[in-house]
Amino acid sequence: MTKSIVRLILSAALLAACQPTSQAAQAGGGQTALKVIAAETFLADITQNVAGDRLQIEVLMPIGVDPHGFEPTPADVAKIADSQVVIVNGAGFEEFMAELLENAGGQKTVVEAAAGLTQREPKEGEHAEEPGDEHAHEGDPHFWLDPNKVIKYVENIRDGLSQADPEGAATYQVNAETYIVKLKELDRWIADRVKEIPEADRKLVTNHESFGYFADRYGFQIIGTVMPGVSTGSAPSAQQLAQLIDHIKQIGAKAIFIETGANPQLAQQVAREAGIKAVTELYSHSITAASGVAPTYLDMLKFNTETIVTALK
Ligand SMILES: [Zn+2]
């Protein structure tokens, strides 16, 4: 899509936004008409917990979509243009977002949930590097897989919402405190469950490098990933796959975990050749529909933990 088309759609959306409507006025029941959109489903759920009844949080990417490869449609551009607050993970996760925000223009509060967190360095042996590997020094944006780090997300979201809606600040403060208590409970619960896995078996092989913060927090070793790097954009070479299979056999990892939204075939092939089981599936980048197994961020982390513990204990 050319930029001029994007601008045209945007100006239409902005014009529409200028029309006086009843929605633009303050709504009753303690609600405000502030439009808040979060990039990912898990981030929308976290934000909804901070917002409580005061706001209805929208989400940009549908359930099950891989944010690494996301390409916004004209409807997405309009959604962003129409929002006053945009919540992103940040830390390089939403590569499409800078241009999208630039095109959307206007006065927006953009909240980077991960702002202030320090990116981890891959530990030795976590991935097979090849000469000229462009993924070797990419930062890891997957902070949310450690609930302890999501406390920072909640604080940033609370501050962003309070800035855009000062009258709601006291509400956001109370809701944030309540949710942080739940995050700390979840953190303790995961640590307890992980104790069921013998220490020598706390080893993870996943599709791409997304479980680093989870591994650091709960004492897992990352053995390797099918896709090289912290994104999902590039396929591994035959040599990298062979190295991974050798590495798994040598270290003795018991399972390879396949994340939803990823193509499972390569992971299944690696599992077969390494003689270990392929476990589907971890919800790492999206929650499920309300009827699914992980309809909230807290459920997503619990489900992943159960899956990992069951496979490795
Ligand atoms: Zn990822």
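A: Start with a pair of histidines: both His-68 and His-208 are buried. Buried means under 20% relative accessible area, exposed means over 50%, and partly exposed is in between (1.4 Å probe, protein chains only).

Q: Before we go on, what kind of model is this, and how are residues numbered?
A: This is a predicted model: local features need pLDDT of at least 70, side-chain atom pairs count only at pLDDT 80 or more, and totals for chains, interfaces and linings use all residues. Residues are numbered from 1 along each chain as its sequence is written, and side-chain values use heavy atoms, with hydrogens and water left out.

Q: OK, back to the metal. Which residues are the protein donors of the zinc ion?
A: His-68, His-142, His-208 and His-285, each through NE2, at 1.9 to 2.0 Å from the zinc ion. Donors are N, O and S atoms within 2.8 Å of the metal (3.2 Å for Na, K and Ca); water is not among the atoms, so sites may look incomplete.

Q: How are they spaced along the chain?
A: The spacing is H-x73-H-x65-H-x76-H. His-68 sits in the loop between E2 and helix H3 (74-81), and His-208 in the loop between strand E5 (203-206) and helix H7 (212-218), so the pair ties together parts that are 140 residues apart in sequence. Helices (H or I, at least four residues) and strands (E, at least two) are DSSP runs, numbered from the N terminus.

Q: And what geometry does the zinc site have?
A: The site is tetrahedral, with angles of 104 to 115° among the four donor atoms.

Q: New topic. Is helix H2 mostly buried or exposed?
A: Nine of the eleven residues of H2 (residues 41-51) are buried, so the helix is largely enclosed by the rest of the structure. Among them are Phe-42, Leu-43, Ile-46 and Val-50.

Q: What covers them?
A: The cover includes strands E1 (36-38), E2 (58-59) and E3 (85-88), plus helices H5 (147-164), H6 (169-194) and H10 (297-312). Just after H2, Gly-52 takes a positive phi of about 60°.

Q: Why does Thr-41 count as buried?
A: Thr-41 has 7% relative accessibility, so it counts as buried. Thr-41 is found in H2.

Q: What does the side chain of Thr-41 reach?
A: The backbone nitrogen of Ile-287, at 3.0 Å. Leaving aside neighbours within four places in sequence, Thr-41 is also in contact with residues including Val-59, Pro-62 and His-285. Contact means heavy atoms within 4.5 Å. His-285 is one of the zinc donors too.

Q: Now the sheet. In what order do its strands run?
A: Four strands form an open sheet in the order E2-E1-E3-E4, with parallel pairing. The edge strands are E2 and E4 (109-112), each pairing on one side only. Two strands pair if DSSP finds at least two bridges between them.

Q: How many bridges do E1 and E2 share?
A: Two, in the parallel sense. The bridge partner of Ala-38 in E2 is Val-59.

Q: Last one: where is Ile-251, and what does it touch?
A: Ile-251 is found in helix H8 (residues 238-251). Ile-251 is partly exposed, with a relative accessible area of 25%. Not counting residues up to four places away in sequence, Ile-251 touches Lys-203 and Ile-223.

Q: And the protein as a whole?
A: The protein has ten helices and eight strands. Buried residues make up 48% of its 313 residues.

How values were computed. Tetrahedral: all angles 85-135°; square planar, octahedral: opposite > 155°, others 65-115°. Polar contact = N/O pair within 3.5 Å; in protein donor to acceptor, adjacent residues only side chain to side chain.
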